[in-house]
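Please have the structure open as you read.

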Amino acid sequence: MLWREEIRGNRGEFDSRARYNNLRIMSSGYVAPAQGSDANHCPHCDVYANQYWSLPTIKFVTPAGGSTTRSVDELSVSYCRRCDKYSVWFGNQMIHPLASTAPLPSTDMPDDVRLDYVEARDVVVRSPRSAAALLRLAVQKLTIDLGENGKNLNEDIGRLVKKGLPPRIQQALDAVRVIGNNASR
Ligand SMILES: [Zn+2]
């Protein structure tokens with residue numbers, strides 16, 4: 001959301017471009033799952049819903065046949081009010097399901113960019129390198145969609161900067177470019 005505000009605050013020549021809105025990288029209204037959150041987009045059903053939390057206790061059986069019930073430090077479970085499914089967390093890390101907490105694609109993301117973005121989002125937990133390479137490809141397609149030639153991403157981003165692309169967006173695109181390059185090797 002900060003990016004969108006920043007773009008709004010840096011209007012200029014770039015604002016006049018017909019495809020300006022395609023740079024709204026953050027999808028509006030998406031609330032990523034977070035430990036302790038009372039409501040967020042559910043990693044199972046992808047719907048914004050209330051989350052109920054529990055600190056589970058586990059019964060440990062001792063060698064002598066007795067048992068002891070303990071809570072496990074940092075282990076917590078949330079329950080989605082909408083789909084009745086559970087998410088398991090260890091500390092601030094969701095360990096089940098192995099779902100991405102990345103934002104959903106913006107509704108005005110171009111279709112060809114969206115395909116790569118969604119694929120990157122789907123694989124990021126299991127393969128961050130694959131996601132990085134896919135996001136670089138998505139950015140390359142985005143610059144083409146914004147009127148650049150797509151031959152050299154670094155130069156494309158540079159030309160967009162001259163047209164008024166805010167520095168923060170430039171830095172984000174450059175990060176995707178460089179990390180995506182490294183991930184492809
Ligand atoms: Zn759900």
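This is a predicted model: local features need pLDDT of at least 70, side-chain atom pairs count only at pLDDT 80 or more; totals for chains, interfaces and linings use all residues.

1. The crossing of α2 (111-123) and α3 (128-145) is left-handed, meaning that the near helix is turned anticlockwise from the far one by less than a right angle (clockwise would be right-handed). Helices here are DSSP runs of H or I with at least four residues, strands are runs of E with at least two, and both are numbered from the N terminus. The axes of α2 and α3 come within 8 Å and cross at roughly 165°. Axes are lines fitted to C-alpha atoms, for helices over the stretch in contact, with angles from 0 to 180 degrees between N-to-C directions.

2. Residues are numbered from 1 along each chain as its sequence is written.

3. Which residues bring α2 and α3 together? On the α2 side they include Asp112, Tyr117 and Val123, and they meet α3 residues including Ser130, Leu134 and Asp145. Contact means C-beta atoms, placed from the backbone, within 7 Å. The residues of this contact between α2 and α3 divide into 10 nonpolar, one polar and five charged. Nonpolar covers Ala, Val, Leu, Ile, Met, Phe, Trp, Tyr, Cys and Pro; charged covers Asp, Glu, Lys and Arg; the others, Gly among them, are polar.

4. Helix α3 has 18 residues and should span 26 Å at 1.5 Å a residue; its end C-alpha atoms are 25 Å apart, which agrees. The expected span is 1.5 Å times one less than the number of residues. Among the buried residues of α3 are Ala133, Arg136, Val139 and Thr143. Buried means 20 or more other C-beta atoms within 10 Å of the residue's own, exposed 12 or fewer, and partly exposed in between, with C-beta atoms placed from the backbone. The cover over the buried residues of α3 includes α2, α4 (153-162) and α5 (167-183). Just after α3, Gly147 takes a positive phi of about 105°.

5. Now to the other helix pair. The axes of α4 and α5 come within 11 Å and cross at roughly 175°, so α4 and α5 are roughly antiparallel to each other. Leu153, Asn154, Ile157 and Val161 of α4 make the contact with Gln170, Leu173, Asp174 and Arg177 of α5. The residues of the α4 and α5 contact divide into four nonpolar, two polar and two charged.

6. Please look at the backbone in some of the loops too. Asp46, between β1 (39-41) and β2 (48-54), has a positive phi near 60° without being a glycine. Glu74, between β4 (67-71) and β5 (75-80), is also not a glycine and has a positive phi of about 75°. Asp46 counts as exposed, with 12 C-beta neighbours inside 10 Å, and Glu74 is exposed, with 12 other C-beta atoms within 10 Å.

7. Where is the cis peptide bond? His96 and Pro97 are joined by it, with omega about -5°. Pro97 sits in the loop between β7 (93-96) and α2.

How values were computed. Two residues are in contact if their C-beta atoms, placed from the backbone, lie within 7 Å. Angles under 35 degrees count as roughly parallel, over 145 as roughly antiparallel, 65 to 115 as roughly perpendicular and the rest as oblique.
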